[in-house]
Amino acid sequence: MASIPTSIKNKIKELLDELVNNQTLKETHVDDLKMGALDRDYGGYPVAVLSTPTADSAPETNRDNARIYTYEILVIHKAEEVQDATAIEDLLETILNKFDNDALNVQNSKLRAAGADGGVEPSTSPVEQVTSRGKAFIVFSVILRCKNIYRGT
């Protein structure tokens, strides 16, 4: 059986893959930590690269802790393919909506079923232009704070 952070990560990847199926994204990858995300060659843009989570804990009740697993999804788009800022804003909003809609669907939430039973808080980083290997990219991160209520053993 997979650990809670791995189960949540797998469901995040499933939700990202749905964005490939509806052609919002061209590719999604789970970061293997062997090569920088901007140093790879991709078949199309925009691409999303899901990172390994970090974890924080905080008391939830006198018997439970809240574990907050934070996942970063780096979204990379070739600068030359971006029409204007609106295109990036629309992409950002579509990705946020995907995770908000899953979290708000209490009965059928993939993330809740995977262990984010305390909710999911999506947010973003600033949008930036970066250069790597002589290519210009527009990048931003979608940050998901997935809360698991840990009840101990």
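**Reading the core**

A: The largest nonpolar core has 29 residues, and those with the most contacts inside it are Ile8, Ile12, Leu16, Ile73, Ile95, Phe99 and Leu144. This is a predicted model: local features need pLDDT of at least 70, side-chain atom pairs count only at pLDDT 80 or more, and totals for chains, interfaces and linings use all residues. Residues are numbered from 1 along each chain as its sequence is written, and side-chain values use heavy atoms, with hydrogens and water left out.

Q: What is a nonpolar core?

A: A nonpolar core is a set of buried Ala, Val, Leu, Ile, Met, Phe, Trp, Tyr and Cys residues joined through side-chain atoms within 4.5 Å. Buried means under 20% relative accessible area, exposed means over 50%, and partly exposed is in between (1.4 Å probe, protein chains only).

Q: Which residues does leucine 16 touch?

A: Contact means heavy atoms within 4.5 Å. Not counting residues up to four places away in sequence, leucine 16 touches Leu25, Thr28, Ala48, Leu50, Ile73 and Phe99.

Q: Is histidine 77 buried or exposed?

A: Histidine 77 counts as buried because its relative accessibility is 11%. Its place is in strand β4. Leaving aside neighbours within four places in sequence, histidine 77 is in contact with Tyr45, Pro46, Val82, Ile88, Leu91, Ala136, Phe137 and Ile138.

Q: How many aromatic pairs are there?

A: Rings of Phe, Tyr and Trp (its six-membered ring) pair if their centres lie within 6.5 Å; planes under 30 degrees apart count as stacked, over 60 as edge-to-face and the rest as tilted. By this rule the count is two. Tyrosine 42 and tyrosine 45 form an edge-to-face pair, 5.9 Å centre to centre with 85° between the planes. Tyrosine 45 and phenylalanine 137 form a tilted pair, 5.9 Å centre to centre with 45° between the planes. Tyrosine 45 lies in the loop between β1 (27–30) and β2, and phenylalanine 137 in strand β7, so this pair ties together parts that are 92 residues apart in sequence. Ring pairs link Tyr42, Tyr45 and Phe137 into a cluster.

Q: Which residue lies over the face of tyrosine 150?

A: A charge sits over a ring if NZ of Lys or CZ of Arg is within 6 Å of the ring centre and within 35 degrees of the ring normal. Arginine 67 lies over the face of tyrosine 150, at 4.1 Å from the ring centre.

Q: How many salt bridges does a search of the whole structure find?

A: A salt bridge is a side-chain nitrogen of Lys or Arg within 4 Å of a carboxyl oxygen of Asp or Glu. The search finds 10. Lysine 13 and aspartate 17 meet in one of them (2.8 Å, N to O). Both lie in helix α1, four residues apart, about one turn of the helix. Glutamate 18 and lysine 98 form another, with closest N and O atoms 2.5 Å apart. That pair links distant parts of the chain: glutamate 18 in helix α1 and lysine 98 in helix α2, 80 residues apart.

Conventions:
Helices (H or I, at least four residues) and strands (E, at least two) are DSSP runs, numbered from the N terminus.
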